[in-house]
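Keep the viewer open as you read.

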Amino acid sequence: MYDIHRIVCDILELFRLADLAQILPQVGVGGEIEAKESIDVWPLIEYSLIFLAGMGGLFGFVLAFAAKKFAVEIDPRVEQVNDLLAHAHCGACGYAGCEQYAEAVVNDPSVPATLCTPAGERAARKIAELTGKKAEALEKKIARVMCGGSLSKTVKRYTYEGIPDCRAAVLTGGGDKACIYGCLGYGTCSRVCPFEAIKICEDGLPHIDPDKCTACGMCVTACPKKVMEILPASKAVLVACRSKDKAAFTRKSCTVGCIACGICEKICPFDAAAVTNNFSKIDPEKCRICGLCVSKCPAGTIEDFMTTRAKATINDACIGCGICVKICPVDAIAGEPKKKHAVDPAKCIGCGLCAAKCPVQAFDGVFNAEQVRAAKKKLKEAS
Amino acid sequence: MGAELTKLFELVISSSLVNNFVFTWFLGLCIYFGVSKKMETAIGMSVTFTAVMMISAAVSWLVFNYIMVPLGIEFLMIIVFIGVVAGLVQGSDTIMRKVSPVLYHKLGIYLALISTNCIILAVPLMNVGNHYNFIESMAFALGSGLGFSLAMIIMASIREKIELADVPAPFRGLPMAFIISGMIALAFTGFSGLITL
């Protein structure tokens, strides 16, 4: 009845564009469908309408039926918990994925609600509310690099030219640093951190931003030298060295390596430092972050991450008992008996020992002054 | 029987190597570039794609030859093929969710992406154009799945290494991936003329 091709040619002729007819496709799209002389349009329209409607209807029915029959029951709380999580896919919770942890925490009563460290305390409390569990207060933890060997302080064994990644560098005989226990500085930790909390500075060591770090532990697993550790953020005095080499060798490879001299062990008033395997380790349980060992360490290995140590000052509550004078490791306090003593700010290192030992809490300024007062108040209220 | 098998074998080799859908036809590039960043996503996508491709090629062939040709409505084939693929993908998504949650967690995300893959439309159209019978269409679809998997796995292994290399800043990421694909496509022209179909 109607030959569409002929109709189009006729229209083009009308506008005297008959030559354009050459570009009209003579056959169907996508492959050779035989061109027909003429086609019956009306039955085609009928068939196509019926067919498309039928196919659409059939698919609709099948899908609706499948949706009903294969419906999966999901506890709506799983969705809510899922929204509260950090979704960094770091694995800190110990589950394969964030959704798995959300499911586990809702369905399994023994799973604690505080496992998602990146989500923080607020999320932990909300999750605990949703799932009817208790949320214990989490102490803020942070990742630390146990190596102080920056580029200027260490020696390289050979020139490494290859993929700038620690995991690759370590394959070449343990890395190009002379000390095989040290940080290689090519930035594997920086790359795997899901929160961009680690940056490699010009000195070749990773610098961790305490505000962004959530202690998820990805850097710890990724570091091929195993030089990263997760520690409570308050423990700010650390021996930044894990070198098991003897002192003579350590000195040759790194000017700030631990030489296991034991001075820190001797002077620590809380017995927190201990030397084993040719390096010193500070026990985080015992350490009171006084910072004494930092100044006494001959190699400068012990790092103090507390940025400013405020100096101690004595207020009017002082009774002049003189305990602080004896306690002060740098002899910074002086005064006559029964009279208000004074701290020499030039000598004071802000260790806080005096504030801890003062019987009347007459100290201000040091980092632990408030804590000591609060603890004393608690004791008083308890008794 | 021997000739049949040879033809099928030739079809598989042709669609996977000689006329590789990614490197010769340049189809399915969206998915190819998107998923080939990591090896595990590439493998997941390959498996899902091959499975869906074969099933949809089969269903499309049946619908075309037994319903559309007798009715004379072959001109609707593009719409119908896309409809078949979309329905299949959605159906398998729903069924997989219930029947195998583990599989769904691993591969479920790729299902929705497959419906945007150009190859999923190209293969049934080519089956129609070349007048393949049922088994030949299945072989062609299998070959296309294998070729796509090959392309993605090669690309993923290269891209994982490139990420650690010192690439000039303007070329990092997608531009470098395009350049590399072009080079691999050049390499694949070495296959041309291997099988003349």
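A:A215 is buried, because 22 other C-beta atoms lie within 10 Å, and 20 or more is enough to count as buried. Bear in mind that this is a predicted model. You'll find A:A215 in the loop between strand 3 (206–208) and helix 8 (218–222) of chain A. Its phi is near 55°, a positive value in a residue other than glycine. Most residues other than glycine have a negative phi.

A:D331 also has a positive phi, of about 55°, although it is not a glycine. Is A:D331 buried or exposed? A:D331 is exposed, because it has 10 other C-beta atoms within 10 Å and the cut-off for exposed is 12 or fewer. This residue sits in the loop between helix 12 (323–327) and strand 10 (333–334) of chain A.

Now for chain A as a whole. Its secondary structure comes to 14 helices and 12 strands. Of its 383 residues, 32% are buried. If you take the contacts in chain A with a separation of 6 or more, 57% of them are between residues 24 or more positions apart.

On to the cores. The largest nonpolar core has 88 residues, and A:V237, A:C293, A:C354 and A:F363 are those with the most contacts inside it. Helix 4 (residues 98–107) of chain A gives the largest share of this core, five residues. What does A:C293 touch, leaving out residues up to four places away in sequence? The partners of A:C293 are A:V237, A:C264, A:I267, A:C268, A:A273 and A:I302. There is also a second, separate core of 46 residues, which includes B:W61, B:I73, B:I114 and B:A141.

Two packed helices are described by the angle between their axes and the distance between the axes. Here are the pairs side by side:

| Helix pair in chain B | Angle between axes | Axis distance |
|---|---|---|
| Helix 3 of chain B and helix 5 (residues 101–114) of chain B | about 55° | 9 Å |
| Helix 6 of chain B and helix 7 (residues 134–162) of chain B | roughly 150° | within 10 Å |

Helix 3 of chain B passes helix 5 of chain B in a right-handed crossing. From helix 3 of chain B, the contact uses B:G44, B:M45, B:V47, B:T48, B:F49 and B:V52, while helix 5 of chain B brings B:K106, B:L107, B:Y110, B:L111 and B:I114. By type, the residues of this contact are eight nonpolar, two polar and one charged.

Helix 6 of chain B and helix 7 of chain B cross at roughly 150°, so they are roughly antiparallel to each other. Helix 6 of chain B passes helix 7 of chain B in a right-handed crossing. Here B:I119, B:V123, B:M126 and B:N127 in helix 6 of chain B meet B:S137, B:F140, B:A141, B:S144 and B:F148 in helix 7 of chain B. That contact divides into six nonpolar, three polar and no charged residues.

Finally, the interface: 24 residues of chain B are in contact with 21 residues of chain A. On the chain B side, helix 3 (39–71), helix 4 (77–99) and helix 6 (119–129) of chain B each give two or more residues. Helix 4 of chain B supplies the largest share, 10 residues. Sorted by type, the chain B side has 13 nonpolar, eight polar and three charged residues.

Methods. Residues are numbered from 1 along each chain as its sequence is written. Chains are lettered from A and ligands numbered from 1 in the order in which they are written. This is a predicted model: local features need pLDDT of at least 70, side-chain atom pairs count only at pLDDT 80 or more; totals for chains, interfaces and linings use all residues. Two residues are in contact if their C-beta atoms, placed from the backbone, lie within 7 Å. Helices (H or I, at least four residues) and strands (E, at least two) are DSSP runs, numbered from the N terminus. Ala, Val, Leu, Ile, Met, Phe, Trp, Tyr, Cys and Pro count as nonpolar, Asp, Glu, Lys and Arg as charged, and the others, Gly among them, as polar. Axes are lines fitted to C-alpha atoms, for helices over the stretch in contact, and angles run from 0 to 180 degrees between N-to-C directions. A crossing is left-handed if the near helix is turned anticlockwise from the far one by less than a right angle, and right-handed if clockwise. Angles under 35 degrees count as roughly parallel, over 145 as roughly antiparallel, 65 to 115 as roughly perpendicular and the rest as oblique. A nonpolar core is a set of buried Ala, Val, Leu, Ile, Met, Phe, Trp, Tyr and Cys residues joined through C-beta atoms within 7 Å.
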